[in-house]
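Biologist: Can you take me through this one? I would like to start with the packing and then go on to the helices and side-chain pairs.

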Amino acid sequence: MVTIVTILAKWTVEVSDEAAEQFEALVPPKFRTKLMRAAIKALSENPDVASKARKILSPDRKPFFPGRVVWQLSIQDFRFFYEIIEDTVVLVFFVGRKGKGTTRDMVNRS
């Protein structure tokens, strides 16, 4: 698990090992830093507030993550799926590239 502590932020961002591996497999090295910084910034500032780039997913909608309260952050063509833990920690557990298919297709490809 990778933990990212942001200075002066209410939220701590953690990235699971699986999500970190998915990120590295999907994102070319020259774009990783910029994309990860954008994700961390978005997730450390009001990750529990819906916006154009951030939404909560229905916990009973297939093929998402049954029984979990899951949020999705969209940055460019990438999707970061995360949970909020104890009102202070954001856990990113899945990273995917949307492409032209649906989110369901993206999740099932992994």
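Biologist: What should I know about the model before we start?

Modeller: It is a predicted model, in which local features need pLDDT of at least 70 and side-chain atom pairs count only at pLDDT 80 or more, while totals for chains, interfaces and linings use all residues. Residues are numbered from 1 along each chain as its sequence is written, and side-chain values use heavy atoms, with hydrogens and water left out.

Biologist: OK. How many residues are in the largest nonpolar core?

Modeller: It has 18 residues, and those with the most contacts inside it are Leu-35, Leu-43, Leu-73, Phe-80, Tyr-82 and Val-92. A nonpolar core here is a set of buried Ala, Val, Leu, Ile, Met, Phe, Trp, Tyr and Cys residues joined through side-chain atoms within 4.5 Å. Buried means under 20% relative accessible area, exposed over 50%, and partly exposed in between, with a 1.4 Å probe and protein chains only.

Biologist: Which elements give two or more residues to this core?

Modeller: Strand E2 (12-15), helix H1 (17-26), helix H2 (29-44), strand E4 (70-75), strand E5 (78-85) and strand E6 (89-97). The elements are DSSP runs numbered from the N terminus: helices are H or I with at least four residues, strands are E with at least two.

Biologist: And Leu-43, what is it in contact with, leaving aside neighbours within four places in sequence?

Modeller: Leu-43 is in contact with Trp-11, Val-13, Leu-73, Tyr-82, Val-90 and Val-92, where contact means heavy atoms within 4.5 Å. Apart from that core lies another, of 7 residues, among them Val-70, Phe-81, Met-106 and Val-107.

Biologist: On to H2. Which of its residues are buried?

Modeller: Leu-35, Ala-39, Ile-40, Leu-43 and Ser-44 are buried in H2. They cover an arc of only 150° around the axis, so they sit on the same side of H2; the arc is that of the directions from the helix axis to the C-beta atoms.

Biologist: Why would residues a few places apart point the same way?

Modeller: An α-helix has 3.6 residues a turn, so residues three or four places apart point the same way.

Biologist: What is on the face of H2 turned away from the buried side?

Modeller: That face carries the exposed residues Lys-30, Lys-34, Arg-37 and Lys-41.

Biologist: What span should H2 have?

Modeller: At 1.5 Å a residue, its 16 residues should span 22 Å, and the end C-alpha atoms are 23 Å apart, which agrees. The expected span is 1.5 Å times one less than the number of residues. After H2 comes Asn-46, whose phi is positive, near 60°.

Biologist: And H1, which residues are buried there?

Modeller: In H1, Ala-19, Gln-22 and Phe-23 are buried. Seen down the axis they fall within an arc of 100°, so they line one face of the helix. Glu-21 and Ala-25 are exposed on the other side of H1. What covers the buried residues of H1 includes E2, H2, E5 and E6.

Biologist: New topic. How many aromatic pairs are there?

Modeller: A search of the whole structure finds 3. Rings of Phe, Tyr and Trp (its six-membered ring) pair if their centres lie within 6.5 Å; planes under 30 degrees apart count as stacked, over 60 as edge-to-face and the rest as tilted. The rings of Phe-23 and Phe-80 have centres 6.2 Å apart and planes at 40°, so that pair is tilted. Phe-23 lies in helix H1 and Phe-80 in strand E5, so the pair ties together parts that are 57 residues apart in sequence.

Biologist: Are those two buried or exposed?

Modeller: Phe-23 is buried, and so is Phe-80. Another aromatic pair, Phe-81 with Phe-94, is edge-to-face, at 5.3 Å centre to centre and 70° between the planes. Both Phe-81 and Phe-94 are buried.

Biologist: How many salt bridges?

Modeller: The count comes to 2, with a salt bridge being a side-chain nitrogen of Lys or Arg within 4 Å of a carboxyl oxygen of Asp or Glu. Lys-41 forms one with Glu-45, the closest N and O atoms being 3.7 Å apart. Asp-77 and Arg-97 form a salt bridge at 3.3 Å, N to O. Asp-77 is in the loop between E4 and E5 and Arg-97 in strand E6, 20 residues apart.

Biologist: Last one: where does Asp-48 lie?

Modeller: Asp-48 lies in the loop between H2 and strand E3 (54-57). Leaving aside neighbours within four places in sequence, Asp-48 is in contact with Trp-11, Trp-71 and Ile-84.
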